[in-house]
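Dear colleague,

My notes on what was found in it follow directly below.

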Amino acid sequence: MIGAGKVGCSMGKYMIEHGFKVAGYVSRHRESSEQAGTFTGTKVFEDLYELIQACGLLCLAVPDDEIGNVWQQMRGMGEKGSAVHPLAGKIVCHFSGSLSSAVFSGIESTGAAGCSVHPMYAFSDKFTSYQKLNSAIVTIEGQKRAAAVMEEMFSNMGNRVLKISPEAKMRYHCSASLVSNFMTGLFSMGLDLLEQCGIPEETGRELVGPLVVHNIEAAVRDGAEKTLTGPIERGDVHTVEGHLAVLRGEERMIYQLLGQKVLAVARRKNPDRDYRNISELLQ
């Protein structure tokens, strides 16, 4: 494991729990490597070269912006005059959702094979996230040899595996951000409006929590069209007018933009309903 943060610790522990041998960790900060090594019962390597020499599978669990830099460092280790590159025959993967295996530029010249592996999962804690990783669907793309190894590994650990094209990775990751991080932004915006009504943030969470949880569970179970309710879906022009009247600036813009996406779902759900007045309000 190259990198000893939340993803590196979680993935290492998860693999060990499922019977795979993890040699150990190297990271920019030795303290992090030592913490990960203690947690997983594995070795702390002195440097990247030592780790590469000891391992057949090299997993980059570093921030997205650092993956290319670390790879160039790994690739450059073959420029020391050795006839065989230290990476020859090895598998190299990274866990980024947005970057494809194309970040491993020139990998063919090293004799290694590369791929990207992304569990659709929120790594919220270094030491507990691994416990529910078996619920995550894993997407994989990359060179055939590397992708086959990683697909077999995660399938054996009980994960469902999906193939994805390199060109689709950024769109795929954008989708994940929208349904995860952006929903958090909307939740925050809703709580802000409740505070303007005199309802404190903690009470606001208690108030709308059941509504949020029920809707998300229903959408995951039944899909967007079947789940959608509310004034836009009903065609309630006066309520939408009222909503817009109490909003200003970016909040009003957000309501209108997202309202247009809600309206598109409503039209699919109710193809015979006249939504022209609602559509004009949301422009």
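I begin with Ser279, which has its place in helix H12, the stretch of residues 276–281. Please keep in mind throughout that this is a predicted model. With a relative accessibility of 17%, Ser279 counts as buried, because the limit for that class is under 20%. Once its neighbours within four places in sequence are left aside, Ser279 is in contact with Leu263 and Arg267.

Leaving aside neighbours within four places in sequence, the contacts of Glu233 are Leu228, Ala266, Lys269, Asn270, Arg273 and Tyr275. Val262 is 29 residues from Glu233 in sequence, while the C-alpha atoms of the two are 7.6 Å apart in space.

The next pair of helices is H10, residues 237–245, and H11, residues 249–269, whose axes come within 9 Å and cross at roughly 150°. An angle over 145 degrees counts as roughly antiparallel, and H10 and H11 are therefore roughly antiparallel to each other. On the side of H10 the contact is made by Val240, His243, Leu244 and Ala245, and on the side of H11 by Arg252, Tyr255 and Gln256. Sorted by class, the residues of this contact between H10 and H11 are four nonpolar, two polar and one charged.

Helices H6 (residues 169–196) and H7 (residues 201–222) also pack against each other, with axes that come within 10 Å and cross at roughly 135°. H6 and H7 are therefore oblique to each other, and H6 passes H7 in a right-handed crossing. H6 brings Met183, Phe187, Leu191, Leu194 and Glu195 to the contact, and H7 brings Glu201, Gly204, Arg205, Leu207, Val208, Val212 and Ile216. By class, the contact of H6 with H7 holds eight nonpolar residues, one polar residue and three charged residues.

The residues where H1 meets H2 divide into four nonpolar, two polar and one charged.

Tyr14 lies in H1 and is buried, with a relative accessible area of 2%. Not counting residues up to four places away in sequence, Tyr14 touches Tyr130, Leu133, Asn134, Phe154, Met157 and Asn159. Lys132 is 118 residues from Tyr14 in sequence, and yet the two are 9.2 Å apart in space, C-alpha to C-alpha. Arg30, for its part, lies in H2 and is partly exposed, with a relative accessible area of 40%. Arg30 touches Val44, Phe45 and Glu46, if residues up to four places away in sequence are not counted. Between Arg30 and Met77, which are 47 residues apart along the chain, the C-alpha atoms are separated by 21 Å.

Lastly, there are the cysteines. A disulfide is a covalent bond between the sulfur atoms of two cysteines. How many disulfides does a search of the whole structure find? The search finds zero. Cys55 is in no disulfide, and its nearest cysteine sulfur, which belongs to Cys59, is 8.9 Å away. Cys55 is also buried, with a relative accessible area of 8%.

Methods. Residues numbered from 1 in each chain as written. Predicted model: local features only at pLDDT ≥ 70, side-chain atom pairs only at ≥ 80, totals over all residues. Heavy atoms only, no water. Nonpolar A, V, L, I, M, F, W, Y, C, P; charged D, E, K, R; others polar. Disulfide = S-S within 2.5 Å. Buried < 20%, exposed > 50% of the residue type's maximum accessible area, 1.4 Å probe, protein only. Axes fitted to C-alpha atoms, helices over the stretch in contact; angles between N-to-C directions. Helix = DSSP H or I, 4+ residues; strand = E, 2+ residues; numbered from the N terminus. Parallel < 35°, antiparallel > 145°, perpendicular 65-115°, else oblique. Left-handed = near helix turned anticlockwise from the far one by under 90°. Contact = heavy atoms within 4.5 Å.
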